[in-house]
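This report looks at one protein chain, moving from its overall build to a single residue. Please keep the sequence and the structure in view while reading.

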Amino acid sequence: MSTATGGSPGPAHRARDTTRWDIQGLRAFAVLAVVVYHLWPARLHGGFVGVDVFFVISGYLITGHLLREQIATGRIRLGQFWSRRAKRLLPGAFLTIIATGIAVLTVVPSALWEQYGRELIASTVYAQNWELAASSVDYLDADNAASPFQHFWSLSVEEQFYIALPLLLLLLTLAVRNRVSPLTTARILLGTVVALSLVWCVVQTNTNPGVAYFSTATRAWEFALGGLAATVRLPVARTTVALAVRGTGAAVGAVALIASLVVITPATPFPGIAAALPVVGATLMVLFGSRTVFESLGAIPPIAFVGRISYSLYLWHWPLVVIVPMVLGHPLGWKSKLAVLVASLALAAVTTKWFEEPLRFSGVVRRLRPGRVAVVGVVCTLAVVALGASTLVSVHVQQVQAATYAKELTAGHVPCFGAAAEISAPKPCVDPRLADVLVPAPAAAKEDDPNPKPDETDPNFKKCWTGRFDPCVLGKATGFSKHLLVIGDSHSNSLLGAYEKIATDNGWRIDLAGIGGCYLTTAKQDSLSDSTLRSCTKWKQQAIRYVRQHRDADALVVVHSTTQMPVSAPEGAQRDAATLAGLKDAWEQAAGDQLPVIAIRDNPVPRRDVITCVSAMAHPTDGTCDQPRSEALGQTDSSAEAVKAFRADGGTAGLIDLSKYYCTDTTCPAVIGGVLVYRDTSHITGTWAMSLEPYLERDMKAQLASFAR
């Protein structure tokens, strides 16, 4: 969404022959569309297409600049080009990142520091789009909060374009060895990029939309189409007919841009083929806009000024949108949104007029050679990265302190730690030493997960959490006294540490298979994409076959989330009924009447802001972040209903309900016995799961004993 493009925006008073005022107006349109969308998304559904407009502008101006140099001199001076880009982009970007980083350390709850620190570093080195793409495909990162650095993803894509385009032009020029003109070479390169990137964009949007939105490969065609427009040499419009053609082309582009604000919504698969509407519209505008009414519109002082400050406006508005609500303690209302808009405009004007332009146009900076600009850029980059690293260090310190305290407590056998507090008992267990304890630290809660990360190499755990059905064995592979099959989604795998301890302590074998958002049901589940749904369906079919092959086991244990990726009810049916029918049917297909089923009730649902709320809690811990029991557990327990239905049809099944350790009669606390219960808005922490282990083990043994009778 950057407004930093090839031509210098320049002050609004510059002569008409040095500024494309139609493009300046297009910048103003694009940045205001983005800002208004971020403040009032329900009022301007498609405002986010402003980023695509910026990509086209960048492609047009940068390609034109490189071609003019190549045609005039026969070469492209990479050092000079990248030096100019650095002088244009880095001062404003680094100023915004530093100011935002200080605000994060000052007013943002520490639970968000790790995510924000990573994104600060990624933004500084212009890799934010890949950081967000990686998070978008990590199921367990699905609850990442909006970051004040998130908007740097588009600046990262642009910077990658600024690096790639001149290099590719030079390489292709060397390959053809002057047999083809620079203009033709550019057309071949850009045309190829448009074709390949557009096809990949459509494919990725349909199969992996999270990555598609942020990927450089799926956005490259937008820059390239703008670049192709720069290779078109229109004749000078001196006749009425020529002017009419220009005006018509620009008007069609303007209509396409305005239409894209209305017909494209956040629900539209994007970028995909839908992005063609704003991209083609912007391309027509930059191609035909000169010497039309749009040039006059762009020269109107207020519009020209917004175009001039568009880069800074884009940089400043999003951190305010994210951080101001944290300071206020509530979402932005109309008045506060207007205040954010005014503050963003003011900051952008001050930054542009008294920081960016004086610095960029100063004699000292202009005389800096590319080598020195590179040195200064690297030093400044390292300094800003250090700010992001400081947040990660702070998170690590909190994590180590919490882990050390937990180890000391468990070594000393504190009976009230975690679930041992037994908060629903007539006389709950209370240990005054736990009043100020919070394990794990909120800033490190996300990492308190028993499932190894994908890059870990432990063979015993790696396949416990993959995108395919590949059960791992916990406990004894042979010579076991009990054999359990555990099939479920991430809520089941949150208990992995407890399962392993139960298996090890009792000489059992537990075959565990888990996958994100997918569990043992024959009902169709709501999903983000068709490919995810297909993978889930395949996984469930494999799971049913596996259970059938192991009906000689002692029990099938099933767990699933009741809130994430629920089932789709057939037309005319209720979702609860469809959920119940899907569970019962899957159990019958897998276990039949030979294998007992143990269903574990899902953990309660916490507040959406549970982690940030707890991290802002003043010690001793209190009930500030608790969730009412009625909201946390809901009205219907699908697992309990499925157990009843399965029994009614002759199956053997039992229910383990651990909710009494999570909740009292009225509330479900966020912190129990010194333990933070949740690591995000859905999953429990590994520490809490381990504190539940004695009670889960006891109930499992009770269920197995009841089946034997």
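## Burial and contacts

In this predicted model, the protein chain has 709 residues, and 55% of them count as buried. When contacts between residues at least 6 apart in sequence are considered, 80% of them join residues that are at least 24 apart.

## Overall form

The protein chain contains 27 helices and 10 strands, and its C-alpha atoms fill a box of roughly 95 × 50 × 50 Å when the box is taken along the principal axes. How does the radius of gyration agree with that of a compact globule? A compact globule with 709 residues would have a value near 27 Å, and because the protein chain has 30 Å, the two agree.

## Surface and charge

The accessible surface of the protein chain comes to about 30100 Å², and 61% of this surface belongs to carbon and sulfur atoms. Among the side chains, 62 are positive and 54 are negative, and the centres of these two sets lie 14 Å apart.

## A look at Thr666

Is Thr666 buried or exposed? Thr666 has a relative accessible area of 54%, and because residues over 50% count as exposed, Thr666 is exposed.

Once its neighbours within four places in sequence are left aside, Thr666 is in contact with Pro628 and Arg629. Phe294, by comparison, is 372 residues from Thr666 in sequence, and the C-alpha atoms of these two residues are 63 Å apart in space.

Note on methods:
Residues numbered from 1 in each chain as written. Predicted model: local features only at pLDDT ≥ 70, side-chain atom pairs only at ≥ 80, totals over all residues. Heavy atoms only, no water. Helix = DSSP H or I, 4+ residues; strand = E, 2+ residues; numbered from the N terminus. Rg over C-alpha atoms; globule rule 2.2 N^0.38 Å. Buried < 20%, exposed > 50% of the residue type's maximum accessible area, 1.4 Å probe, protein only. Contact = heavy atoms within 4.5 Å. Areas by Shrake-Rupley, 256 points an atom, 1.4 Å probe, with all protein chains shown as cover. Lys, Arg positive; Asp, Glu negative; His and termini not counted. Charge placed at Lys NZ, Arg CZ, Asp CG, Glu CD.
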